[in-house]
Amino acid sequence: MTEHHHCTCTSYADRARQETVAVEENVQVARDTYRVRFACEQIAEGIVPGQFVMMRLAGVNDPLLGRPLAMYNVVPDENGRPQQLEIVYRVVGKMTRRLSVLEPGALLEVWGPLGNGFPPTETEHLVMVAGGIGQTPLLSLAKEYLHRQTYGSPPRQVRQAKKVTLCYGTGGGEYLACVEDFQRAGVEVRISTDDGSAGHRGLVTELIRPVVESSDHPCRIVCCGPEPMMAATAQLAGKLGLHCQVSLERSMACGLGICFSCVAKIRDESGRWDYRRTCVEGPVFEAEDVEFQQHFSQLKQRPKV
Ligand SMILES: Cc1cc2nc3c(=O)[nH]c(=O)nc-3n(C[C@H](O)[C@H](O)[C@H](O)COP(=O)(O)OP(=O)(O)OC[C@H]3O[C@@H](n4cnc5c(N)ncnc54)[C@H](O)[C@@H]3O)c2cc1C
Ligand code: FES
């Protein structure tokens, strides 16, 4: 772990701030997918790629618990100081459904930055693999590696990558969200869809090998999406001899390290299995250390409250 790594590991989220913020913009960016923007300087200043915030709708008790949402983008003010946060979310349940109809001015309770985030690691070619809504933590990471933007306080320094590729798969083309943001940041984007309505027809994991094998540079993989897809990516990375990190999506009740609702089975330094809290010791883990939950029935129930 580098000295810049934001994981506090043994402590709770002691850098986290809670703020009540007003929605500035909330727009649809793809089918069932929205981007919300709000000013939240303290969190925006400290947050790094792969970290997340917990969010609740202010003054609403249903759902009572916050929901974890990855930092998508930090928008600076006219002086270049981090000012606003953007979150991109898929409508899947109560909170996201209610969030999607909020107008500018509506209040949200947000606390963060939470989690460890992606540790800055040197690489010449960063290959990012996203499934479903898993692209959300990867735009800022790409911008950081391509030296388009810095994150954290003090800003963390990452050695510039020569190339960043996003392999991005969804059910159908109508779910592809924010592809232009990645392209504008200088990312090469390769797409797959289950129904063939955009890009390669098939699984996103099928895009990885051609990217790696045709690359002029040594590659490293980061991955976020449904767990079976992350498991397949991790397995392929192992076969290709590539370093791979995954950002796990577990249901979280507190986001602060207190309730243990978010544990994942992780191999520790001595090779033994241990349970780690995804919200403070994750969500980013070394892929080879994770025991993936391959079947949906194995996934823990999400909080209903
Ligand atoms: C670190 C992290 C970052 C995340 N970042 C993002 C992001 O950037 N964008 C984003 O869209 N999402 C993100 N998520 C996922 C997001 O937190 C969840 O989708 C969240 O639960 C949505 O809240 P909700 O109230 O709308 O839906 P919920 O009511 O929590 O339901 C969410 C999903 O779970 C299913 N579900 C609910 N209850 C059960 C049950 N008992 N058994 C089985 N399935 C059930 C629902 O059908 C639905 O598909 C992230 C998660 C983590 C851990
Ligand atoms: S969500 Fe409570 S300990 Fe992780």
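The chain divides into domain 1 (17–114) and domain 2 (125–298), with bounds that come from an automatic or database domain assignment. This is a predicted model, in which local features need pLDDT of at least 70, side-chain atom pairs count only at pLDDT 80 or more, and totals for chains, interfaces and linings use all residues. Residues are numbered from 1 along each chain as its sequence is written, and chains are lettered from A and ligands numbered from 1 in the order in which they are written.

Domain 1 puts 23 residues into the contact and domain 2 puts in 23 residues; two residues are in contact if their C-beta atoms, placed from the backbone, lie within 7 Å. On the domain 1 side, the elements giving two or more residues include strand 1 (17–30), helix 1 (41–46) and strand 3 (52–57). Helices (H or I, at least four residues) and strands (E, at least two) are DSSP runs, numbered from the N terminus.

Next, the core. A nonpolar core here is a set of buried Ala, Val, Leu, Ile, Met, Phe, Trp, Tyr and Cys residues joined through C-beta atoms within 7 Å. Buried means 20 or more other C-beta atoms within 10 Å of the residue's own, exposed means 12 or fewer, and partly exposed is in between, with C-beta atoms placed from the backbone. The largest nonpolar core has 83 residues, and among those touching the most other members are Val-53, Met-128, Leu-138 and Ala-142. Helix 6 (residues 227–240) gives the most to this core, namely six residues. Where does the core sit relative to domain 1 and domain 2? Both domains give residues to it, so it lies between them.

Strands count as paired if DSSP finds at least two bridges between them.

Going through some of the pairs, strand 8 (residues 125–131) runs parallel to strand 9, with seven bridges, and Met-128 is opposite Leu-166 in strand 9. Strand 9 (residues 163–170) is in turn joined to strand 10 (residues 188–193) by six bridges, also parallel. There, Leu-166 faces Val-189. Strand 10 then pairs in parallel with strand 11 (residues 200–201) over two bridges, where Thr-193 has Arg-201 as its bridge partner.

How many residues of helix 3 are buried? Eight of its eight, and they include Lys-143 and Glu-144. These buried residues pack against strand 5, strand 8, strand 9, helix 4 and strand 12. Ala-142, leaving aside neighbours within four places in sequence, contacts Met-128, Val-164, Phe-182, Ala-185 and Val-187.

Finally, some backbone details to check. Most residues other than glycine have a negative phi, and most peptide bonds are trans. A cis peptide bond joins Gly-112 to Pro-113, with omega about -5°, and Pro-113 is in strand 7 (residues 107–114). Another cis bond joins Ser-153 and Pro-154, with omega about -5°; Pro-154 is in the loop between helix 3 and strand 9. Asp-32 has a positive phi near 60° and lies in the loop between strand 1 and strand 2 (33–39). Phe-260 also has a positive phi, near 60°, in the loop between strand 13 and strand 14 (263–267). Is Phe-260 buried or exposed? Phe-260 counts as exposed because it has 11 C-beta neighbours inside 10 Å.
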